[in-house]
Structures are given as C-alpha cells and as structure tokens.
Amino acid sequence: MAAGIVVSRRLRDLLTRRLTGSNYPGLSISLRLTGSSAQEEASGVALGEAPDHSYESLRVTSAQKHVLHVQLNRPNKRNAMNKVFWREMVECFNKISRDADCRAVVISGAGKMFTAGIDLMDMASDILQPKGDDVARISWYLRDIITRYQETFNVIEKCPKPVIAAVHGGCIGGGVDLVTACDIRYCAQDAFFQVKEVDVGLAADVGTLQRLPKVIGNQSLVNELAFTARKMMADEAQGSGLVSRVFPDKEVMLDAALALAAEISSKSPVAVQSTKVNLLYSRDHSVAESLNYVASWNMSMLQTQDLMKSVQATTENKELKKVTFSKL
C-alpha cells in the first residue's frame, strides 16, 4: 500500500512539473481557461439548425454542444433513399469529418420508421435502364454507380467522429447497410431489421454483406437473414449484438442516444477519434499489425495536452465535461 502511495505521489509530481513546465507554457495546475481556449468556449455553436448543412433528404441540427443530429428526412416516403440522398449523405459526412466543433453524431429517421431502404421508383432508371452501347460499357456504368453508392456509407465509417444510429420502426435494405457502418446502434422496441435485397432480385452491394458478419460475429445467422430477407426484431437484434440497447419507444431511445453522444463529446477528441481509427484498423488486420499501427499512431498522439488535462481532472475528481479541450 505504501509503495502504491509513493508511486501515486511521484506521478502527481511528474504531472505537476509537466503541466507547469516549458512543454505547456501558460497552462496552470488548475487548468483555468485562458486565451484561445476561453474564446472557443465562449463561441460555442448555438443549438438548432446546423450551419452549412442544407439538404433535401436530410435535416441536420446541433442537438447539443459538440453533437450533431442527422435525420433521414423524407417521412412521407418512409425515408426511402432516392438519388438525392446518396449524394447528400456523402456531402454531409465529409463536412462533419472536417467540422472541428463536432465530436459525436446521432443518426435517426423522421416520421414512423427509420428507412424503407432504396427508393426503387426513383432509382429505376439507373438500375433497370443503365447507359451504354454494349455489355462492357453498361457494366462499367453500373460499377461506377455501385461504388459511388458504397461511398455513401463508407463516409460514415471513415468519419473520425463516433456515429450512433438510433433506429425505430423498419430498418430495411439500405438501412442495414447504413447502420452497420455506424459505431454504436440503439433501437426502439418497435424496430426491425431486414436484409431485403434478395426479395428484389439482387445481392446487397453497399456494405451489409461485408460489415454485418463482423458486427454480429455469427455467419450462420447472417446467411439466414441475407438468404431469406426475414425480419430481425429488436430483441433478437440485441441478442445477436447488432444493437447494444433496446428502449421502449423512439423518444426514450433518442434521449438516450443524445445523452451517449454528449458523454462521448465530453472526452478528449484526440483520444476518442484515435480510438475509432484504431478500432477500425484492428477489425481488418491481425493483432500484431494492429499493435504496430497503434504504436506508430500514439507516438505522436500521446504528446497532446489532452492527456495532461484528463489525468489532472481525474486526480482532482473533476468531471471531464468541465474541462475544455481544444478543437480537432
């Protein structure tokens, strides 16, 4: 016990020296906000419609400080994914990735359900009447369309900010592609998930078949869902690991998702975004490769002031939400 106390004191003394030393000029032990940090705190984005986010198929709001809420916003069409949606999601998440004020994102659906999937009526001309003079040119055209649509959900996965899917009602077809690209999934009790593509004569090609096996870790169940297009209800989705929590209704679920996003956004953005990058890398690489990658990553990231601020807050029993981290 005595040895532990000595080590703790040594760590505290080391932190004190580092916090007041030349590496962190002007940063006091009490971590008072001064200069640009204080200006950042005072200039927080007002809640409401998010600036620079104006779309036909989406509604983006600043739900809380550092938290954006992206709604699929075609409720009269059951949030079906039309041509505009596939383009706007890429634009939206590219902006979010570059938004230094945003630290976490919640995705939900407006109206009675999350999404009915691809809007077949709107997309019919591209899929059923593709351009081209021969098989090679038609195939080239279709491949270009498919890869562009894949990017619609790739941008969610590549976005360094954690993305939380909040699902109510149906999450059909392209909806499963979307949520499997998210980092965390919550759902309401009325939610169901359906890999619908075989029922419309095609194989899912924008992420479900690639991500769902890694999300739930049960190839037999994935095969069953993909071959039959049957519905997976909320309780089964939780039991399989597709969602981490189930809530009584949409309102309670959204409150929980936004609260989770707020908690995440209170942490160091360097730590959180580094964690997401390394989790994704580890998913697709061996343990040895992933350890080498995180070592290379952290040799620079460990030099952040966020580390000192976070440890100091812990030693002082101070809530992280009261600590101001610089923008990232």
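At what angle do helix 3 (residues 83-98) and helix 5 (residues 135-158) pack, and how far apart are their axes? The views below start with that pair and then move to other parts of this predicted model.

**View 1. Helix 3 packs against helix 5.** The angle between helix 3 (residues 83-98) and helix 5 (residues 135-158) is about 30°, and their axes lie 8 Å apart. Helix 3 is therefore roughly parallel to helix 5, since angles under 35 degrees count as roughly parallel. On the helix 3 side, the contact is made by K83, F85, W86, M89, V90, F93 and N94. Helix 5 meets them with Y149, E151, T152, F153, V155 and I156. As for handedness, helix 3 passes helix 5 in a left-handed crossing.

**View 2. L72 sits in strand 3.** Strand 3 covers residues 67-72, and here we focus on L72. Is L72 buried or exposed? With a relative accessibility of 2%, L72 counts as buried. Leaving aside neighbours within four places in sequence, L72 is in contact with S57, L58, N79, F85, I107, S108, G109, A110, F114, T115 and L178. One of these, F85, also belongs to the helix 3 side of the contact with helix 5. Another to look for is T115: its C-alpha atom is 7.6 Å from that of L72, although the two residues are 43 apart along the chain.

View 3. The structure holds zero disulfides. C171 counts as buried because its relative accessibility is 0%.

**View 4. C187 and its closest cysteine, C171.**

**View 5. The whole chain, as a setting for the close-ups.** If you zoom back out, you will find 13 helices and ten strands in the chain. Of its 328 residues, 44% count as buried, L72 being one of them. The accessible surface comes to about 17000 Å², and carbon and sulfur atoms account for 55% of that area. Among contacts between residues at least 6 apart in sequence, 68% join residues at least 24 apart. The pairing of L72 with T115, 43 residues apart along the chain, is a handy example to keep in mind.

Methods: Residues numbered from 1 in each chain as written. Predicted model: local features only at pLDDT ≥ 70, side-chain atom pairs only at ≥ 80, totals over all residues. Heavy atoms only, no water. Disulfide = S-S within 2.5 Å. Buried < 20%, exposed > 50% of the residue type's maximum accessible area, 1.4 Å probe, protein only. Helix = DSSP H or I, 4+ residues; strand = E, 2+ residues; numbered from the N terminus. Contact = heavy atoms within 4.5 Å. Areas by Shrake-Rupley, 256 points an atom, 1.4 Å probe, with all protein chains shown as cover. Axes fitted to C-alpha atoms, helices over the stretch in contact; angles between N-to-C directions. Parallel < 35°, antiparallel > 145°, perpendicular 65-115°, else oblique. Left-handed = near helix turned anticlockwise from the far one by under 90°.
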